[in-house]
Amino acid sequence: MLPRGRPRALGAAALLLLLLLIGFFLFRGDLDYERPRPRGTAAFDGDRPADPGGHNGSDCIPPRPPKCELLQVAIVCAGHNSSRDVITLVKSMLFYRKNPLHLHLVTDAVARNILETLFHTWMVPAVRISFYNADELKPQVSWIPNKHYSGLYGLMKLVLPSALPPDLARVIVLDTDVTFASNIAELWALFAHFSDKQVIGLVENQSDWYLGNLWRNHRPWPALGRGFNTGVILLRLDRLRQARWEQMWKLTATRELLTLPATSLADQDIFNAIIKEHPWLVQPLPCVWNVQLSDHTLAERCYSEASDLKVIHWNSPKKLRVKNKHVESFRNLYLTFLEYDGNLLRRELFGCPRPPPPGAEQLQRALAQLDEEDACFEFRRQQLTVHRVHITFLPHKPPPPQPHDVTLVAQLSMDRLQMLEALCRHWPGPMSLALYLTDAEAQQFLRFVETSVVLSARQDVAYHVVYREGPLYPINQLRNVALAQALTPYVFLSDIDFLPAYSLYDYLRASIKQLELGSGRKAALVVPAFETLHYRFSFPRSKAELLALLDAGSLHTFRYHEWPRGHAPTDYARWREAQAPYHVQWAADYEPYVVVPRDCPRYDPRFVGFGWNKVAHVVELDAQEYELLVLPEAFVIHLPHAPSLDISSFRSSPTYRDCLQALKDEFHQDLSRRYGAAALKYLTALQQPRGPT
């Protein structure tokens with residue numbers, strides 16, 4: 001039997017030992033983190049990747065930030081292609097995220113215009129966007145010779161501490177060519193592992209670039225061991241400012257450029273030169289947070305031992321075409337987000353109260369007032385749908401400004417894509433086209449243009465993707481998107497299934513000048529429309545050839561057999577003999593194709609699907625006292641094609657036609673409120689037979 005005091009002593013000793021063990025395991029990670037790694041060792045070398053806790057980065061899950069903490073992310077983005085890359089990156093972030101995000105986007109004018117429109121229409125809850133003018137930052141880095149394909153924009157991460165708001169203490173900085181495979185909050189949590197002196201979190205470079213042995217006479221910038229990759233950065237902005245970061249990087253760059261001709265990897269070279277001189281500034285991050293797929297990558301040493309990857313980085317100019325024996329797996333992850341339906345990411349972060357996106361509350365109230373039992377529910381809901389809009393989806397170079405220039409404006413869906421090449425052959429001038437596509441179809445369209453000799457040669461065609469949502473085709477919303485993006489003083493409001501006369505572009509510009517429309521004259525120039533029922537058709541080169549085909553029965557006036565009221569006021573008999581423009585009067589259901597000033601009335605977005613969409617627009621033009629002038633040498637020809645789903649529904653469904661009639665009635669009521677007694681003449685349209693468009 002042990003003495004009475006012995007158990008207490010043993011118990012106290014055991015308790016002390018337990019506390020020591022707990023303390024050891026709690027602080028071991030921090031101690032390991034602050035201990036500098038021997039020079040030349042990489043985070044993916046040896047038995048395991050280095051990470052904050054001394055474990056494989058995929059096995060050690062760092063503590064996540066509080067549920068509703070706002071995470072700050074900065075991205076430099078310039079140009080059309082980079083803007084598309086940003087969207088895929090953001091999709092991958094939104095898919096996994098559970099925290100509010102504040103995106104700080106350093107952009108040129110092109111990217112800002114694209115992304116501002118996109119995020120405004122995307123309306124993602126708990127995402128805030130701030131823009132910063134890259135042109136204002138250029139002078140700070142333009143003195144640095146740089147060979148990297150990203151140009152000046154590849155150096156702008158250096159100036160983020162001064163460019164971002166002074167009260168912003170921490171930020172994650174991302175390249176546009178990274179894809180998340182994990183919750184970004186886990187990356188944000190790694191800030192907790194920074195020591196008091198560390199200001200930059202980076203993953204080691206997963207190639208031998210900075211070792212200087214890739215080829216003969218290869219002279220990289222100085223770096224600590226293999227150096228670090230700057231595709232994913234954690235920045236302690238507050239500490240960088242205190243350390244006089246701007247002076248530090250400029251002195252380092254100036255010194256190194258005395259012996260080196262230029263940077264090869266843009267900001268990454270300068271970051272590494274600073275870290276080589278001040279190694280205590282860097283906090284190495286687990287390799288899984290920046291798996292680098294460059295030409296000379298050694299990333300397999302990282303991901304072959306990781307149970308899961310966090311961020312994939314396509315850090316080669318070849319991007320998805322880079323050669324790697326596992327690249328197909330990584331490419332599939334990227335393609336998943338590239339083609340993912342972005343509408344599904346408009347989800348609330350429940351339990352995290354945040355101000356709703358602009359217009360979201362009004363939209364929700366309007367949607368809540370709809371009656372789902374109403375036979376016209378889908379028509380009314382489609383009117384209220386805010387579609388994501390990606391303007392200038394492809395690189396676009398507008399023509400130099402000309403006082404009488406005309407942009408062809410039209411809209412289309414995937415089933416009309418094959419008509420683009422013929423349209424480009426007929427219309428040599430600028431075009432603004434809205435395409436109604438899913439995310440996956442947008443990528444098919446991109447490949448279609450890239451492989452088309454005709455389309456890829458045209459840089460004056462602006463393509464604007466409106467992402468599909470809902471069962472009805474939002475035809476007038478699409479027209480308004482294309483119309484709003486036209487840059488010339490005048491627009492030709494056409495449809496994608498019409499081919500203009502070969503000479504129409506030049507003729508329209510000459511007519512605008514001759515009629516002196518620029519002097520304030522409000523006129524809509526009518527372009528007579530014809531149609532052929534033949535798929536194989538020799539397009540007329542002149543009015544005389546067109547009249548011969550008309551007389552031979554190969555051509556007809558547009559919809560002469562289905563809906564002659566739509567174009568009868570054009571007076572085709574007079575047009576045959578006309579030598580000069582002539583006036584015509586508005587009549588019920590008139591729907592000509594017209595050339596008007598760019599600031600003309602917009603189309604009424606309530607008209608979706610098939611029916612009365614152009615008619616309502618011409619009513620509005622007449623209400624605003626536009627004179628209608630028919631051009632004697634102008635014509636367009638409609639080509640045959642399979643009917644759309646909407647026109648099939650219009651023809652087969654009485655309910656569809658009743659809903660269209662209800663929309664027409666509401667349109668006339670609104671017209672009366674806007675134009676008063678002047679709108680009375682349009683009420684006669686209510687007593688006329690129902691027209692198709």
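A disulfide here is a pair of cysteine sulfur atoms within 2.5 Å. The model is predicted: local features need pLDDT of at least 70, side-chain atom pairs count only at pLDDT 80 or more, and totals for chains, interfaces and linings use all residues. Residues are numbered from 1 along each chain as its sequence is written, and side-chain values use heavy atoms, with hydrogens and water left out.

Q: What is the handedness of the disulfide of Cys 376 and Cys 659?
A: Let's start with the bond itself: the sulfur atoms of Cys 376 and Cys 659 lie 2.0 Å apart. The torsion about their S-S bond is about -95°. The disulfide is therefore left-handed.

Q: How many residues apart are Cys 376 and Cys 659?
A: Helices (H or I, at least four residues) and strands (E, at least two) are DSSP runs, numbered from the N terminus. Cys 376 sits in the loop between H12 and helix H13 (377-384), while Cys 659 belongs to helix H23 (residues 654-675). The pair links distant parts of the chain, and the separation is 283 residues.

Q: Is Cys 68 buried, partly exposed or exposed?
A: Buried means under 20% relative accessible area, exposed over 50%, and partly exposed in between (1.4 Å probe, protein chains only). The disulfide partner of Cys 68 is Cys 352, and Cys 352 is buried at 7%. Cys 68 has 27% relative accessibility, so Cys 68 counts as partly exposed.

Q: Which cysteine is joined to Cys 287 by a disulfide?
A: Cys 287 lies in the loop between strand E8 (282-284) and strand E9 (291-292), and its partner is in helix H10 (residues 300-303). The S to S distance is 2.0 Å, and 85° about the S-S bond makes the link right-handed. The partner is Cys 302.

Q: What is the pairing of the bonded cysteines, numbered in sequence order?
A: A search of the whole structure finds three disulfides. They join Cys 68 to Cys 352, Cys 287 to Cys 302, and Cys 376 to Cys 659. In sequence order, the pairing is 1-4, 2-3, 5-6.

Q: Are helices H2 and H11 roughly parallel or roughly perpendicular to each other?
A: Axes are lines fitted to C-alpha atoms, for helices over the stretch in contact, and angles run from 0 to 180 degrees between N-to-C directions. Angles under 35 degrees count as roughly parallel, over 145 as roughly antiparallel, 65 to 115 as roughly perpendicular and the rest as oblique. Helix H2 (residues 79-96) and helix H11 (residues 327-338) pack at about 90°, with axes 8 Å apart. H2 and H11 are therefore roughly perpendicular.
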